[in-house]
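This report looks at one protein model, with attention to how its elements pack and how some of its side chains are placed. Please keep the sequence and the coordinates at hand while reading.

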Amino acid sequence: MTGEDSTRLARALIEFREAQGISERELARRTWLSEATIRTFERGRGDLPTPTVARSFEELLGWAPGSIKTAPSEAMGRE
């Protein structure tokens, strides 16, 4: 994830929470993710989310599937 992608996702998550008037805890509950995961991506650390995390964020934000770059799946690297 580039710095620009990371910043875009962080900003979108924060703006969503503010618009909804919800906490990190509530966002975690809605996405079935941990609060630590929410904090990681809201701080825009540049980490690539797993495909599952990315899909949760895309659904929540109304973004098209595949619009968030993801970390390669471990299973895909095994042969």
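Which residue lies over the face of Trp63? Arg8 does, at 4.0 Å from the ring centre.

## Overall architecture

The model is a predicted one, and this should be kept in mind throughout. The protein has five helices and zero strands, so that its elements, read from the N terminus on, run α-α-α-α-α. Of the 79 residues in the protein, 34% are buried. Among the contacts with a separation of 6 or more, 41% are accounted for by residues 24 or more positions apart.

## Packing of helix 2 against helix 3

Helix 2, which spans residues 24-31, and helix 3, which spans residues 35-42, have axes that come within 8 Å and cross at roughly 110 degrees. Because angles of 65 to 115 degrees count as roughly perpendicular, helix 2 is described as roughly perpendicular to helix 3. On the side of helix 2 the contact is made by Glu24, Arg25, Leu27, Ala28 and Thr31, while helix 3 contributes Glu35, Ile38, Arg39 and Glu42. The residues of this contact divide into three nonpolar, one polar and five charged.

The loop between helix 2 and helix 3 holds Trp32, a residue that has a positive phi of about 65 degrees although it is not a glycine. Most residues other than glycine have a negative phi. Is Trp32 buried or exposed? With a relative accessibility of 79%, Trp32 counts as exposed, since the cut-off for that class is over 50%.

In helix 4, which covers residues 51-61, the buried residues are Val53, Ala54, Ser56, Phe57, Glu58, Leu60 and Leu61. What covers these buried residues includes helix 1 (3-20), helix 2 and helix 3. Helix 4 is followed by Gly62, whose phi is positive, near 75 degrees.

How many aromatic pairs does a search of the whole structure find? The search finds one, and this pair is formed by Phe41 and Phe57, with an edge-to-face arrangement in which the centres are 5.7 Å apart and the planes make an angle of 75 degrees. Phe41 lies in helix 3 and Phe57 in helix 4, so the pair ties together parts that are 16 residues apart in sequence. Both Phe41 and Phe57 are buried.

## Two partly exposed positions

Arg30 lies in helix 2 and counts as partly exposed, because its relative accessibility of 36% falls between the limits of 20% and 50%. Leaving aside residues up to four places away in sequence, Arg30 touches Phe16, Gln20 and Ile22. The C-alpha atoms of Arg30 and Ser56 are separated by 9.1 Å, although these two residues are 26 residues apart along the chain; Ser56 is one of the buried residues of helix 4.

Ile14 has its place in helix 1 and is partly exposed as well, with a relative accessible area of 28%. Between the C-alpha atoms of Ile14 and Glu24 the separation is 9.1 Å, and the two residues are 10 residues apart along the chain. Glu24 is also one of the residues through which helix 2 makes its contact with helix 3.

Conventions. Residues are numbered from 1 along each chain as its sequence is written. This is a predicted model: local features need pLDDT of at least 70, side-chain atom pairs count only at pLDDT 80 or more; totals for chains, interfaces and linings use all residues. Side-chain values use heavy atoms; hydrogens and water are left out. Axes are lines fitted to C-alpha atoms, for helices over the stretch in contact, and angles run from 0 to 180 degrees between N-to-C directions. Helices (H or I, at least four residues) and strands (E, at least two) are DSSP runs, numbered from the N terminus. Angles under 35 degrees count as roughly parallel, over 145 as roughly antiparallel, 65 to 115 as roughly perpendicular and the rest as oblique. Contact means heavy atoms within 4.5 Å. Ala, Val, Leu, Ile, Met, Phe, Trp, Tyr, Cys and Pro count as nonpolar, Asp, Glu, Lys and Arg as charged, and the others, Gly among them, as polar. Rings of Phe, Tyr and Trp (its six-membered ring) pair if their centres lie within 6.5 Å; planes under 30 degrees apart count as stacked, over 60 as edge-to-face and the rest as tilted. Buried means under 20% relative accessible area, exposed over 50%, partly exposed in between (1.4 Å probe, protein chains only). A charge sits over a ring if NZ of Lys or CZ of Arg is within 6 Å of the ring centre and within 35 degrees of the ring normal.
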